[in-house]
Structures are given as structure tokens and as C-alpha cells.
Amino acid sequence: MSDLEHYYRVLELEPGATLEEVNQAYKDLVFVWHPDRIPKDNLRLQQKAQDKLKAINEAREKLRSLKTKHQTTHHSPPPQQEKPSQTTQKPYSPPPQQEKPSQTTQKPPKQNSDLSGKDYSRANLSNKDLSGRNLSYANLSGANLSDTFMHKVNLRGANLSEANLFRANLLLADLREANLRAANLIGADLSGADLRGADLTGARIRSGERLLVKLVGTNLAGAIMPDGSIFQ
């Protein structure tokens with residue numbers, strides 16, 4: 001089996017899967033195998049989860065790198081067609097530079113993008129991978145973040161009022177002083193998240209008496225709870 005076939009198999013994909021399929025498979029597998037979902041006292045499963053995550057991350061990065069190179073190669077023929085007449089001038093000519101704006105436009109989806117203070121109010125970000133992004137103090141009021149993957153995202157001070165976070169993955173997210181008033185948190189995973197000082201007034205976290213938000217290891221010190229009480 002070639003390395004390429006191995007990476008597809010790790011992500012449980014068929015060879016030739018699209019970049020979108022690679023990203024979706026990565027999100028699904030991380031959701032299943034993240035160590036925070038495994039009991040801390042089960043050392044064998046904890047080690048297995050860590051090994052799985054390492055393999056999943058490696059497979060995703062290798063396939064993304066390969067597909068990015070393929071896309072770059074795919075876009076390169078037009079500039080090369082003019083080389084016979086302008087071989088010397090071509091490296092400095094406008095056509096190659098025209099590709100830069102599109103690359104800049106595509107940068108926000110990449111990891112560690114700084115999106116602090118951006119306005120995404122009412123935006124549809126469902127199923128997006130925002131893991132590791134810096135969205136501190138961003139305006140996400142009323143945004144659709146259902147099924148969005150936001151592992152270790154920085155949402156400190158962000159406005160998430162009335163946002164739809166249905167089944168959102170917020171493992172280890174920084175939500176200090178975040179505004180979550182009237183947000184829909186049904187099915188969200190906030191395991192290990194930092195919610196110190198956050199305002200959850202009116203947020204949906206229950207169905208009847210049943211709590212439908214995962215809060216394993218969540219820091220709620222000083223947070224305003226849905227009923228208006230302050231968590232001690």
C-alpha cells in the first residue's frame with residue numbers, strides 16, 4: 001500500500017476524495033477520538049485516542065498539502081502559455097500576481113487565521129471548520145454555527161447572542177466574557193471550555209429537566225447562567 005493510499009484509509013476515505021471530503025472526514029474522526037471524550041482513568045483508551053489523533057492529523061495535512069499543490073498546478077498553465085514570447089519577463093508579469101488576491105481571500109479558512117473583531121452577524125457558518133481561529137470580540141450575533149467544528153477556538157468577548165450553536169464542537173474553546181444570551185446550545189460540546197464571566201442568560205441548554213449540553217471539565221466560574229444566577 002502506498003503512503004497516499006494509507007492516508008486515505010486513515011481518514012476512512014476512498015482514494016481521490018475531494019478536499020471537502022477530507023476536511024469533513026477529519027472533523028468527524030476528531031469528534032469521535034478526541035481524548036476529552038475518553039474517561040481519564042482509562043489509560044489504554046486515552047493512549048489509543050492520542051495515537052488516532054496523531055495519525056488523523058498527519059493524514060489530513062499530507063492530503064491537504066497534496067491537493068493544494070494540485071490546485072496550484074491546475075491554475076498554472078495559463079501563464080505558461082505566454083512564455084515562448086516573454087520567457088524573461090514572465091516571472092515578473094501581472095498574470096502570476098493576479099492569483100494573489102484569490103489566495104488572500106482563501107486565507108481565512110486556514111488554521112490560526114486572525115479574525116478578531118470581524119462582523120459575522122447572521123452569517124451562515126454551519127459545518128465550517130473554525131478550529132484554532134482567533135475570533136475574539138467578533139460579532140457572531142444570530143449566526144448559524146450548527147455542527148461547526150471549533151476546537152480550541154478563541155471566542156473571548158465575542159458576541160454570540162441568539163447564535164445557533166446546535167451540535168457545535170467547542171472543545172477547549174476560550175469563551176471568557178462571551179455574550180451567549182439567548183443562544184441555542186442544544187447538543188453543543190463545551191468540554192474543557194473556559195466560560196468564566198460569560199453571559200448565558202436565556203440560553204437554551206435543556207429540554208424539560210434534561211441537560212443537553214456537554215460540560216465535562218468546563219470552567220463556569222462567575223458565568224451568568226441561563227436562569228440569571230451567577231455560577232459559584
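Serine 207 is found in strand E1. Helices (H or I, at least four residues) and strands (E, at least two) are DSSP runs, numbered from the N terminus. Serine 207 is partly exposed, with a relative accessible area of 46%. The scale is this: buried is under 20% relative accessible area, exposed is over 50%, and partly exposed lies in between (1.4 Å probe, protein chains only). Serine 207 is 21 residues from isoleucine 186 in sequence, and their C-alpha atoms are 8.3 Å apart.

The model is predicted: local features need pLDDT of at least 70, side-chain atom pairs count only at pLDDT 80 or more, and totals for chains, interfaces and linings use all residues. Residues are numbered from 1 along each chain as its sequence is written, and side-chain values use heavy atoms, with hydrogens and water left out.

**Overall layout**

The chain holds 5 helices and 2 strands. From the N terminus their order is α-α-α-α-α-β-β. Of its 232 residues, 37% count as buried. Contact means heavy atoms within 4.5 Å. Among contacts between residues at least 6 apart in sequence, 25% join residues at least 24 apart.

**Serine 191 and aspartate 189**

Serine 191 is found in the loop between helix H5 (94-106) and strand E1 (206-207). Aspartate 189 lies in the loop between H5 and E1. Serine 191 is buried, at 2% relative accessible area. Aspartate 189 is also buried, with a value of 2%.

Polar contacts link these side chains. Such a contact is a pair of N or O atoms within 3.5 Å; within protein, one must be able to donate a hydrogen and the other to accept it, and residues adjacent in sequence count only if both atoms are side-chain atoms.

| Side chain | Partner side chain | Polar contact |
|---|---|---|
| aspartate 189 | serine 191 | 2.6 Å |
| aspartate 189 | arginine 37 | 2.8 Å |

Beyond four places in sequence, serine 191 has contacts that include Asp36, Leu170, Lys214 and Thr218. With the same exclusion, the contacts of aspartate 189 include Arg37, Ala168, Leu170 and Lys214.

Helix H2 covers residues 19-33. The expected span of a helix is 1.5 Å times one less than its number of residues. For the 15 residues of H2 this gives 21 Å, and the end C-alpha atoms are 21 Å apart, which agrees. Its buried residues include Val22, Tyr26, Leu29 and Trp33.

Rings of Phe, Tyr and Trp (its six-membered ring) pair if their centres lie within 6.5 Å; planes under 30 degrees apart are stacked, over 60 edge-to-face, and the rest tilted. The count is 1 aromatic pair. Tyrosine 26 and phenylalanine 149 form it edge-to-face, at 6.4 Å centre to centre and 70 degrees between planes. Tyrosine 26 lies in H2 and phenylalanine 149 in the loop between H5 and E1, so the pair ties together parts 123 residues apart in sequence. Both tyrosine 26 and phenylalanine 149 are buried.

A charge sits over a ring if NZ of Lys or CZ of Arg is within 6 Å of the ring centre and within 35 degrees of the ring normal. The charged end of arginine 60 sits over the ring of tyrosine 26, 3.9 Å from its centre. Arginine 37 does likewise over phenylalanine 31, at 3.6 Å.

**Nonpolar cores**

A nonpolar core is a set of buried Ala, Val, Leu, Ile, Met, Phe, Trp, Tyr and Cys residues joined through side-chain atoms within 4.5 Å. In the largest, of 36 residues, Leu145, Met150, Leu155, Leu165 and Leu170 touch the most other members. A second, separate core of 18 residues includes Ala17, Tyr26, Ala59 and Phe149.
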